[in-house]
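Please look over the sequence and the model before reading on.

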Amino acid sequence: MGPSRRIRADAERNMARILDAAEEVLAVEPNASLERIADAAGLGRATVHRRFPSRTALLDALAEQLTQRYLLGLEEARVKTAPPLIALYRLTQTVFALKLSHRFAIQLTAALTPAVLDGLDLLFARLRDAGTITAADAAWCRRVYLALLHEVHDLPPDSPALTSSTTADETETKVDLLIRTTLGALGGSAAPWAHQAPDPMAKTSNSNPPPQTLENSGGA
């Protein structure tokens, strides 16, 4: 590896360390300084300031990183081609995983770019075209889904809405609850989902890996 490639590789590693540290620190201390983040990353403060001259620049980078995770999640869910209910299930798994791994960045509405929102709208348009829901406005459907996502995610483990489930896995229970509630709210029925819902205990060769989340947005 030549000197220029080594320098580039080092810069990429430092960037990843800074963003990881920022996510971890800001999730606990939302107003933490760049100096605090540099310490958590194990890097010199000058290194962090050279890469991110301001807090705004760092937040922009966190939002962009999350945007790319959203777009990857939409691609992995195959929102354009998979049966729409299965795509909704895969995407909802992705969302819950991201809400856990990006607890701070998930609050940055800038991460929900037009491309991300268009992907969601396409999914709900396909659900409507398939007769799974009756609500006609895909953007409205997306807003309902994201609002319910926030509420379901924040349910305590002992909520009757969760304890009535026969599924032992809390995240899978929340995924199931969100899908059923969303379908009902958008004029559909949970009956088709009952037939298509994957068994969370089943391991198949083509099962979707836990993807990397969407949340309430000004654009959502």
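## A buried leucine

Leu117 has a relative accessible area of 11% and is therefore buried (under 20% relative accessible area, with exposed meaning over 50% and partly exposed in between, for a 1.4 Å probe and protein chains only). This residue belongs to helix H6; helices are DSSP runs of H or I with at least four residues, strands are runs of E with at least two, and numbering starts at the N terminus. Between the C-alpha atoms of Leu117 and Leu71, which are 46 residues apart along the chain, the separation is 9.8 Å.

## Basis of the model

The model is predicted, and local features need pLDDT of at least 70, side-chain atom pairs count only at pLDDT 80 or more, and totals for chains, interfaces and linings use all residues.

## The chain as a whole

The chain contains 10 helices and 0 strands. Of its 220 residues, 42% count as buried. Its accessible surface is about 11,400 Å², and carbon and sulfur atoms account for 54% of that area; the areas come from the Shrake-Rupley method with a 1.4 Å probe, and for residues only the protein chains shown count as cover.

## Helices H4 and H6

Two packed helices are described by the angle between their axes and the distance between the axes. Helix H4 (residues 55–77) and helix H6 (residues 114–129) have axes that come within 9 Å and cross at roughly 25 degrees. H4 is therefore roughly parallel to H6 (angles under 35 degrees count as such). Axes are lines fitted to C-alpha atoms, for helices over the stretch in contact, with angles from 0 to 180 degrees between N-to-C directions.

The crossing of H4 and H6 is left-handed, meaning that the near helix is turned anticlockwise from the far one by less than a right angle; clockwise is right-handed. From H4, Thr67, Tyr70, Leu71 and Leu74 meet Ala115, Val116, Gly119 and Leu120 of H6, where contact means heavy atoms within 4.5 Å.

## Helices H7 and H9

The axes of helix H7 (residues 138–153) and helix H9 (residues 170–185) come within 10 Å, crossing at roughly 145 degrees. This crossing of H7 and H9 is right-handed. Residues of H7 in the contact include Val144, Tyr145 and Leu148, and those of H9 include Lys174, Leu177 and Leu178.

Technical notes:
Residues are numbered from 1 along each chain as its sequence is written. Side-chain values use heavy atoms; hydrogens and water are left out. Angles under 35 degrees count as roughly parallel, over 145 as roughly antiparallel, 65 to 115 as roughly perpendicular and the rest as oblique.
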